[in-house]
Amino acid sequence: MARPHPSGPKPTQITAGRIGLYAFLFVAALFFLLPLYTMVVTSLKTMDEIRLGRIFALPETLDLSAWITAWSGACMGTTCVGIRTGFWNSVAITVPSVALSVFVGAVNGYALSLWRPRGANVLFGLLMAGGLIPYQIFLYPMVRAMANVGLYNSLAGIILVHVIFGLPLVTLLFRNYFVSVPEELCKAARVDGAGFWRIFFEIMLPIAVPMVVVVSMLQFTGIWNDFLLGLVFAGRDNLPMTVQLNNIVNTTMGERNYNVNMAATILTAIVPLAIYFLSGRWFVRGIAAGAVKG
Amino acid sequence: MPMKRKPHLSATFALLPTWFVAVVVFIGTMGWSIRLSFTNSTLFPSSTYVGFAQYAKLFSSAKWLASLQNVLIFGVLYVGGCLLLGFLLAAALDRKIRFESAFRTIFLYPYAMSFVVTGLIWQWMLNPTLGIQASVRSLGWETFVLDWVVNRDMAIYALVLAGVWQGAGLVMVIALAGMRGIEAEQWKAARIDGIPVWRIYVSIILPQLGPALAAAGMLLAMGVIKTYDIVVAMTNGGPGNATEVPAKFIMDNLFGRQNLGLATAGATVLVLGVIIAVAPFRYAMHVRSKAKGAR
């Protein structure tokens, strides 16, 4: 029986519809790229050029001084040391927070799914509920409690806070991952005499490497981009880059140095952007996993 | 249930820190905050209970009411805008486009950046004296107006614009993944029946993406309730109360104005808001999974 067979490559004649489609995509791409373009050209201009009010114009000469100022000389209030302290603070906060939360989350997910000790479901339910609640309700008592144990306004304190607030999502992702691991694997290892930790380190963690990567991406960008927790818990000496950036831009008196501000903004965005561009589908998988956690 | 397990000491032990976090940190601090909301605490916690007085004060505060209204307008337009633009972008990319991955990269990159960064970029672009407005005027259109960030009536839409720019890519990724999962047979059948492409997307594809889009919408909505950074970076609540939001109101009263009772009352209302927002969605998922199980 002869059927019309729409197989093979799709017809791609130039029709009005195709032109419209590409037009839509190009306009959309312009909308998404314009802010990035604007940031970059602004950061390369002198203030005299910026005052002309041609935000989209290319810089007349390449002037890198705004970048240098942003990195090492921009002022937050009365101190003028640039965004670099914030950068290193963010590194110092993010790296241990990610490592610790991924580790704890992996152990949790493993214990909850493959061992299911007493109360596992209750714990999981509590954790998921905790993950939905806005931070604002936890903040004040946490500040007091952290102050009591001497962790308020310290690097260890802000790291602990990130690990705590990351737990729900990280645990969920690892639990969902380990649920799909055949139980027999765990049982066989137990028969062979391996204990909880040995099975974890020698079998389950190696199996979970893809999830470790995905969760690390997700946590890294999330913690790097955090503002609220850093503002409240980090203390003056450990303020993350996002908070310092906002201080540079929004508390300046007199005329704002927009070129410096935009250079500082790019510097703040550059780490998550680098992760995004370099890790590509891992990042996408991470945010998709985080989004469709249901 | 598979087999009955013996409770295992190591597993129980390994979960102890998490038990601590769940019970002490999540439930404990929440209970403490809710308790404070019924006291007359100002700078320091007090144990003088005043019933619902803080809530009465809260809901007679023009700033709080404005913040609720703002977050509602922002939330509806932001979530709706992200869903609509994200779906349209996904549908366009699904049409066997050249340079698809380049487009995808361009549409998603803002999502990697923080709300502070997003707010600052758009604050700069929308700056009326030096930004887009000035640029267009210098081209000869002298009466062009784009003063959203400094205009009381428009500032909230400036936030929406920046928010949609940041978040639409997420919806696109989720919708595109869903579209790629739809069987080719459905496409063939619909094309043979002569149904136009746009109708296929609206009547066949969209319903199948429903649960994934609902999950994305849910996630964005949760973000709306927590909205803080982008407002601080872009407008700091102004002009006037035009972009004041509940999360910022709470933070200001918690740490700026030393008004603990009022702040915790606001936070409690926020938690109730989340429960009200999430409950129907959870219930729908529950009913759906039950219906599937019964089939």
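**Exercise 1. How many salt bridges are there between chain B and chain A, and how many residue pairs in polar contact?**

Start with charge: the count of salt bridges between chain B and chain A is 0, where a salt bridge is a Lys or Arg side-chain nitrogen within 4 Å of an Asp or Glu carboxyl oxygen. This is a predicted model, where local features need pLDDT of at least 70, side-chain atom pairs count only at pLDDT 80 or more, and totals for chains, interfaces and linings use all residues. Residues are numbered from 1 along each chain as its sequence is written, chains are lettered from A in the order in which they are written, and side-chain values use heavy atoms, leaving out hydrogens and water.

Then see who supplies the chain B side: helix α2 (residues 16-36) gives the largest share, 14 residues. Helices here are DSSP runs of H or I, at least four residues, numbered from the N terminus.

**Exercise 2. Where is the cis peptide bond?**

Look at omega: it is about -10 degrees between G238(B) and P239(B). Now place P239(B): the loop between α11 (229-234) and α12 (246-256) of chain B.

**Exercise 3. Is F99(B) buried or exposed?**

Check phi: F99(B) has a positive one, about 55 degrees, though it isn't a glycine. Finally, at 54% relative accessibility, F99(B) is exposed (over 50%, with a 1.4 Å probe and protein chains only).

Notes: Helices (H or I, at least four residues) and strands (E, at least two) are DSSP runs, numbered from the N terminus. Buried means under 20% relative accessible area, exposed over 50%, partly exposed in between (1.4 Å probe, protein chains only).
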